[in-house]
Every structure is written in structure tokens, then in C-alpha cells.
Amino acid sequence: MNLPNSHAGFRTFSFEELTVWRTELPDVKFAVLPPGNTRPNPLIADDRLFVSIFSPSAVCALERDTGRLIWRRELAKFCGASVYLHDRKLFAKSSHTLYSLQPDSGEIRWSFCPYGTDGEWIYSSPTIYQGSVYIGDRKGFLHCLDSNTGETIWSKRTNSDENDDVNSTPVVVNGLVMVPTNAKIVVAYEAITGEDAWEQKVDGPCRLGPLQHNGLLVVVAVESVYLLDPTNGKLRQHFQWKGDSISFAESTGRDVAIALRGARPPKGSSEIAFLNESGVHRTVSLTGYCIHFRYSVEKELLYASHLEGVDLLIPDTGEILCKLTMTVSSGAALVDVRDDRIYMLTGDGSVHALRHPDLGVDGFC
């Protein structure tokens, strides 16, 4: 392919140069909600894409090859930052309800609304393990539901603090379900029975993640990152950025990449720190606002989404390979990548299938 516009050692492509297809979804006010985990939006599932639209709340299914809209399901209030698919079960959520949908039709199989539709009660995202769905709520509970029926198997009050929200996404490791909370603790329960397993204190509220990284649990608090042993919660490493805060985190296999919010008001760039159990071993500066990123095992690249588009980075060095730019700065959700396509949702409600830039000589696009 022709290589346009070289700048500062990387290449810049407009979306239009790489477009395979673009679908403008109907009745969208604003599509992209900043993510609380690393799940992509849209999500690739065989020959389909599933998309979560923030406002007005809706989930859509598209043909992956053509972008044709297959179905659209309106949901109550505001939708989450992504959907979750497991074992032919599709899950989406609004600010107060978890929905189980039929992937083929968008039909609602069941819904779980613990406290009614007047408030915003669910900022957590669901996780499935052995036929059970785990999700937190803003009254401090972690719920275990039957994935087929939505019936409650058990619910545990994780804490009794005033700031008791469970907003992060539960993870299950070796039969234990673990979730950080806003009450500055991480809790773990036996996934099947709900029996207490362990508890670990941290130094701030937790909204992101957690992540699994090389056998460790990565917990992100406001100014800190903790590496914990998931079997017992014991601390293996602690990193802190006093006076700053952490906006996002992702595991690249070798490292954990951390995006720092930086100065207030923002100056148009963010520091990205790369760390592992041995310490922080490099930082890079990345231009853009509202940066969040996703690692592709297939491409071995880090895709950083922000208000102006998406940057492709080498995770071992933090070096930018390519910048993909949009005409209007509406923001990009976390991308999904398959074969030679990048699939992304932008804030205006457009779903894009882009040709993946070729990786040429010396690692440049």
C-alpha cells in the first residue's frame, strides 16, 4: 500500500483511506462510554459484530463482512461500554439492569434489576463461570446469578462503608471470584458457594479491571497499582503515583500498560507507564485525550483509542507505529481486531471496518 504523511517516525492514515465499510447506526445521540475494562466495542463473534450504544441505550448486531444492520434492541436508560458474549449467551447492561439477550435476534431472555429503574445501580460488568453470572452493584453487593434463568444463586455484601460501590468487573481464577470495591478493599469468594476466601486492603477506590497478568491479579486504585497473588490476596508488588491518577490499564503479556491522567487541566497528552513484577521499566508520552487501550494477541500490538482516533503501538517499546485519525473528534471505543481488519465504534454512532495498515520495513507502517 502507499505510505502517506510521515511524521516523527510514524505514519498517519485517515479513516477514509482505510475504510472497508462504514455503518451509521440509527437514532444515536452519543455512542461511546469510557470503558471500565478491556472488552472491545464492537465485539467480534464469528460472522457478526455486537455493539453497545450509550445513548439512547441500544445493542446492535451487524454483519461483519458488510456492516449490514441485522437487529437493534433498545434498552432502558444508558447502556454500558461493551457487551459480553459467552457460550452463545449475550449480555448487555443499562445503568440499573443486566440483560441476557438472544444473539441471533436480540430478544431479551431475562433481566436482573436489583433495586428498580429510578436510580443508577449497576456500573459493574458481568463475568460468567461454570454457568453462573457474577456482577456487582452500587450498594456494595456482588451477585451470583444462574446464566440460563437470571435467578439469584447468592449475593454477598462486600463491605458496609459509605462509599460501598462494586463498580469493577469480577474475575474468576482457580474457583475464586474476585472483585475490587470503592471501599478500598479487594474481596474474594468461593465462586460456587459464595463462602469468604480472602480480603486485601488497598489505598483507594477501584473502578477499573481487575486484570490477570502472568498468574497475578492486577488491581487498579486511584493512584496505585497492586499485583496480588490470586490464591490468597497477598501483596506481590505495589506502584504508586501520588498527585496523579490512573485512567486505564491493560496487560500486554509481558507488561502491564498504565495510562496516567496527568495535569489538570489536561495538556493534550498522557504518560503511559509499562511495568511488571520487577518494577516500572519505561514511560512514554502519548498525545490525545481520554486514552484507553487494548492489546491484540494476534497482532502483538497495543491499540490506544482516544478522542481523535486510534494509535498503534509496539508494546515492548511504547513506540508509535501508526496513527489512525478521524475527521471529527468524537472519540473511539476499544477496538477489536481480526485478520486484516480493525473494527471500531466512534462517538457519532458509526461502526467502521478498516484495513489494517501493513507493517513494513523497520517495523513502520
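Biologist: Which residue in β10 does Leu-90 stand opposite?

Modeller: Please bear in mind that this is a predicted model. Strands of a sheet pair through backbone hydrogen bonds, in either a parallel or an antiparallel manner. Here, the residue opposite Leu-90 is Leu-101 in β10.

Biologist: How many bridges join strand β9 to strand β10?

Modeller: Strand β9, residues 89–93, and strand β10, residues 98–101, are joined by 4 bridges. The two strands run antiparallel.

Biologist: In what order do the strands of the open sheet lie?

Modeller: The order of this sheet of 4 strands is β8-β9-β10-β11, and the pairing is antiparallel. Its edge strands, β8 (84–86) and β11 (108–112), each pair on one side only. On average, neighbouring strands of the sheet are turned by 20° against each other, with direction ignored.

Biologist: How many helices and strands does the protein have?

Modeller: Its secondary structure comprises 1 helix and 34 strands. The radius of gyration of the protein is 20 Å, close to the 21 Å that the globule rule gives for 365 residues, so the protein is as compact as a globular protein of that length. Along the principal axes, its C-alpha atoms fill a box of roughly 60 × 50 × 35 Å.

Biologist: What percentage of the residues count as buried?

Modeller: Of the 365 residues, 57% count as buried, where buried means under 20% relative accessible area. The protein exposes about 15100 Å², and carbon and sulfur atoms supply 46% of that area.

Note on methods:
Residues are numbered from 1 along each chain as its sequence is written. This is a predicted model: local features need pLDDT of at least 70, side-chain atom pairs count only at pLDDT 80 or more; totals for chains, interfaces and linings use all residues. Side-chain values use heavy atoms; hydrogens and water are left out. Two strands pair if DSSP finds at least two bridges between them. Axes are lines fitted to C-alpha atoms, for helices over the stretch in contact, and angles run from 0 to 180 degrees between N-to-C directions. The radius of gyration is taken over C-alpha atoms; the globule rule is 2.2 Å times the number of residues to the power 0.38. Buried means under 20% relative accessible area, exposed over 50%, partly exposed in between (1.4 Å probe, protein chains only). Accessible areas come from the Shrake-Rupley method with a 1.4 Å probe; for residues, only the protein chains shown count as cover.
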